[in-house]
Amino acid sequence: MTTKEIAGGVVHGMPADLRKALMSDGAAIEKWKSLTPLARNEWICWVITVKQPETRKNHIKRTVTELIEGKRRPCCWIGCIHRTDKPISPSVQWVLKRQLGSK
């Protein structure tokens with residue numbers, strides 16, 4: 001794997017801004033390489049699904065920091081809803097309905 005080739009997830013490819021942030025810290029990139037494809041997918045989805053550019057920057061910064069701290073997945077997040085290899089769990093369906101204002 002070259003420096004430009006950083007593995008993405010099972011659904012999501014590696015976004016350029018996250019790649020740049022990971023490449024800027026040797027410890028972060030080593031931790032990233034140790035993640036499973038599903039774990040990498042969770043981090044990428046957590047970064048790309050936000051609406052505001054400032055929130056995305058914050059998520060990227062937190063990804064680098066939290067990887068270095070040893071976290072393997074984003075904390076307190078419902079998970080990637082883009083996966084088609086499995087149905088969305090009932091608990092995630094409940095959260096999504098609440099976010100949309102349904103009960």
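Helices (H or I, at least four residues) and strands (E, at least two) are DSSP runs, numbered from the N terminus. By that rule, this chain has five helices and zero strands. Read along the sequence, the pattern is α-α-α-α-α.

Some housekeeping. This is a predicted model, where local features need pLDDT of at least 70 and side-chain atom pairs count only at pLDDT 80 or more, while totals for chains, interfaces and linings use all residues. Residues are numbered from 1 along each chain as its sequence is written, and side-chain values use heavy atoms, with hydrogens and water left out.

Now the inside. Buried means under 20% relative accessible area, exposed over 50%, and partly exposed in between (1.4 Å probe, protein chains only). Of the 103 residues of the chain, 32% count as buried.

Next, the core. A nonpolar core is a set of buried Ala, Val, Leu, Ile, Met, Phe, Trp, Tyr and Cys residues joined through side-chain atoms within 4.5 Å. The largest one here has 17 residues, and those with the most contacts inside it include M14, L18, W32 and W43. Two or more residues come from each of helix 1 (16-23), helix 2 (26-34), helix 3 (37-48) and helix 4 (53-68). Which helix gives the most to this core? Helix 3 does, with five residues. As a general point, nonpolar side chains in soluble globular proteins tend to be buried together.

Take helix 2. At its start, a side-chain oxygen of D25 reaches to within 2.9 Å of the backbone nitrogen of A27. The buried residues of helix 2 are A28, I29 and W32. Why do they line one face of the helix? Seen down the axis of helix 2, these residues fall within an arc of 95°, so they line one face; the arc is that of the directions from the helix axis to the C-beta atoms. Their cover includes helix 1, helix 3 and helix 4.

Contact, by the way, means heavy atoms within 4.5 Å. Setting aside neighbours within four places in sequence, W43 is in contact with W32, L35, T63, E66, L67, K71, R72, R73 and P74.

One of those partners, T63, has its place in helix 4. Is T63 buried or exposed? T63 counts as buried, because its relative accessibility is 0%. The side chain of T63 reaches the backbone oxygen of H59 at 2.7 Å. Again leaving aside neighbours within four places in sequence, T63 is in contact with L18, W32, W43, W46 and V47.

How values were computed
Polar contact = N/O pair within 3.5 Å; in protein donor to acceptor, adjacent residues only side chain to side chain.
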